[in-house]
Amino acid sequence: MKRALLALCCALPAAALALPSFDEVRTAHRPSEITLLDRHGVPVQTLRVDKSVRRLPWVPLADTSPALLRAIVLSEDKRFHEHSGVDWQAVASSAWANLWNTRTRGASTLTMQLAGLIDDGLARPAAGRSVVQKIGQAVTATQLERQWKKSQILEAYLNAVPLRGELVGVPALAQTLFGKHASGLDGTEAAITAALVRAPNAPPERVAQRACEVLALQQRSCAGIELQTRAALSRGGGMPLGEQLAPHFARQAIDVQGPAVQRSTLDAGVQRLAIETLRHQLAELSGRNVEDGAIVVLDNASGAVLAWVGANGGTSAAAQVDGVLARRQPGSTIKPFVYALAFEKRLITPASLLDDSPAQIATASGLYLPQNYDREFKGWVSARTALGASLNVPAVRVGAMLGPDALFARLNAFGLSVSESAGYHGQALALGSADVTLLALTNAYRSLANGGLASAPRLRATPSAAASSRRVADEAAVHLVADILADNGARARTFGLASALATRGFAAVKTGTSKDLRDNWCVGFTDRHTVGVWVGNASGEPMHDVSGVSGAAPIWHTLMTRLHEGRPSKAPARPAGVVATRVAFESKREAPRDEVFIAGTEQSRQRDSSQLVPQRVFGIVSPRDGSRYALDPDIPPAAQQIRFEGEHGTWVLDGRCVGQGSSLAWSPWPGRHELSLLGPGGRVLQTVRFEVRGAVVKAAAAARRSGG
């Protein structure tokens, strides 16, 4: 028989004898999962990129359980270490048994099976191999034995053998069915694995029976084998394999066409800390309708993403939504960019007094009446206090000085990618009406940390240098903003002195809350890191009594504290063009202090007047032409008066004189109205048109107003 086989081999094409080397087979091995490493080489995520099979990275023989090697050889090829590719004794035994129609395991050695795995032409068809294919398989096995080591044959076989369902290779089977690496399989698990090699998709009772036979070959007990087999086979399916620390980050960082193992900028320790801190804070907020959160930690110098938590895992109904990339309203976290631009344009200084009093701001969608966080107004306050305490009306007044177009351009220069147009958002842009992502906002704050130099964040650890930076803001103006955001005293009027925003070392930080408590932010930087936190609901539902300082700020504080353990952050050096001057306030509204200024703008005394308020008012200041007022029928009419403001004169509404002076309160009624302001001699100074919507006015009251 042996001579006949050799004779047939001579007739086979020479191409059939051209075999790949062991190194070529190992190099061609393509896992179905890509493993993402952190900056230190620690696995942080596996991402499946091949949906047809589950195949993990190649595992060396040295990292495979000895119990598994023993079970596989005993079960599939007892004389593996003795034959030269074909077990002639087994061939003879199999032929004799087949002659008498006796059921046997066949004569296919591990080497012959491997030949069918690495050569598509020798793969086993559904109807079984033909005689020619069997001969080719034997010839290939003989060639393999001549060119490869026994250890290489066994290693390649264990990584390529098809197993249960979609699983290919022992590494994938071990992690899927047993939750272990191939090196950790014990004797019973190894026997079950060996049984699956023979009958991959057999029912559990048949697999258990075969596993018991493998254990018997080793003179081991089968106690509990059926129960353990059923438990193992009930697992698996499409569950992720390997580490799952950064699923959202992996979607952005992994190159699906790249190598099976890729390195990222993440720090596994910081990532775990961020996940743990987010989950702890969300547990603390239970009962306040807060379900979701997201965190980004950036390295200031390089832009490397050290942590990226897109959701809080299985406890969220929207765990697949990446909160780092979702666009939401940032609220007051936009204010530092407003003040930085105003400082840069020399419109105000940190000591300038701004009027925090009720204001009506005309926008494209109607009149905007900004309120402060505590629903109170502070009167005249310095720009330092206005920004530190996050007062809304002063921010809107500063934004009005800049104009929506300039502010819109500046926000986009910082990389916030504000959608729509400046006119669409109007003056509300200064209070964060435009949607942004947490990643973009955090990176914009990183630009503040870097003195107004902006560059894109980095996700992949590449040998190339960090992306080139570009200047988007004046360094001196940015320094003034950072100094204010790090001033715990400046924020005390709103947040107190012992809030979660206070840190041991230098940290510039700002909170923000969007309309109706739907989004809650805290973003800030130290000398080394920038951390951004969002808390809310992916569904858009409002939270219950949660603000930036109580929702997102505790997470930010914990992360910053841990990141700087043993090495507190240091305040930045004062850049060229920034000077410090002692300033006093004539009204004593604020205590004298040393204040920082852009050189040339310093003032030693401040009066109760603002550079934002012109010395003289011309024409109609409010309402603006084209304003639309939406009145709420549930609020008493007396609380919804519209104030006419402007130059001193006579006010004429819809052809009727309604009063005189520079300010006049008017109780509105529905409809389109025309308002004129008359000067001396009845000269028309200005005419505006506006509309009132949503009010329900009784006929009698309307008649009285019309004089009927």
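I was working on a predicted model throughout.

I then checked one of the pairings. Strand 17 (residues 578–585) runs with strand 19 in the parallel sense, over 2 bridges. Which residue in strand 19 is the bridge partner of Phe585? I found Gln606 there.

Next I looked for a helix lying across these strands.

I read the order as 5-4-16-15-14, in an open sheet with antiparallel pairing. Strand 5 (305–309) and strand 14 (508–513) form the edges, and each pairs on one side only. From one strand to the next, the twist averages 5°.

Inside this sheet I followed strand 4 (residues 292–299) and strand 16 (residues 529–536). They pair in the antiparallel sense over 8 bridges. Which residue in strand 16 stands opposite Val297? I found Val531 in that place.

Helix 22 (residues 553–563) lies across strand 4, strand 14, strand 15 (519–525) and strand 16. I noted about 155° between helix 22 and strand 16.

**Ser499**

I looked up Ser499 next. Ser499 sits in the loop between helix 21 (492–495) and strand 14. Is Ser499 buried or exposed? Its relative accessible area is 12%, which is under the 20% cut-off, so I logged Ser499 as buried.

I then listed contacts, leaving out residues up to four places away in sequence. Ser499 touches Arg491 and Val549. I also checked Pro554, which is 55 residues from Ser499 along the chain. The C-alpha atoms of Ser499 and Pro554 are separated by 8.9 Å.

**Hairpin**

I went back towards the start of the chain. Strand 1 (residues 33–37) and strand 2 (residues 43–48) pair in the antiparallel sense, with 5 bridges. Glu33 has Arg48 in strand 2 as its bridge partner. The two strands form a hairpin, and 5 residues lie between them. In the turn I picked out Gly41, whose phi is positive at about 90°.

**Helix 7**

How many of the 11 residues of helix 7 (residues 150–160) are buried? I got 8, so helix 7 is largely enclosed by the rest of the structure. The buried residues are Gln152, Ile153, Leu154, Glu155, Ala156, Tyr157, Leu158 and Asn159.

**Helix 14 against helix 16**

I finished with a helix pair. The axes of helix 14 (residues 335–344) and helix 16 (residues 392–402) come within 10 Å. They cross at roughly 45°, so I put the pair down as oblique. The crossing is left-handed.

I wrote out both sides of the contact. Helix 14 brings Lys335, Val338, Tyr339, Leu341 and Ala342. Helix 16 meets them with Asn392, Pro394, Ala395, Val398, Gly399 and Leu402. Sorted by class, the contact has 8 nonpolar, 2 polar and 1 charged residues.

Conventions. Residues numbered from 1 in each chain as written. Predicted model: local features only at pLDDT ≥ 70, side-chain atom pairs only at ≥ 80, totals over all residues. Heavy atoms only, no water. Axes fitted to C-alpha atoms, helices over the stretch in contact; angles between N-to-C directions. Helix = DSSP H or I, 4+ residues; strand = E, 2+ residues; numbered from the N terminus. Parallel < 35°, antiparallel > 145°, perpendicular 65-115°, else oblique. Left-handed = near helix turned anticlockwise from the far one by under 90°. Contact = heavy atoms within 4.5 Å. Nonpolar A, V, L, I, M, F, W, Y, C, P; charged D, E, K, R; others polar. Buried < 20%, exposed > 50% of the residue type's maximum accessible area, 1.4 Å probe, protein only. Pairing = 2+ DSSP bridges.
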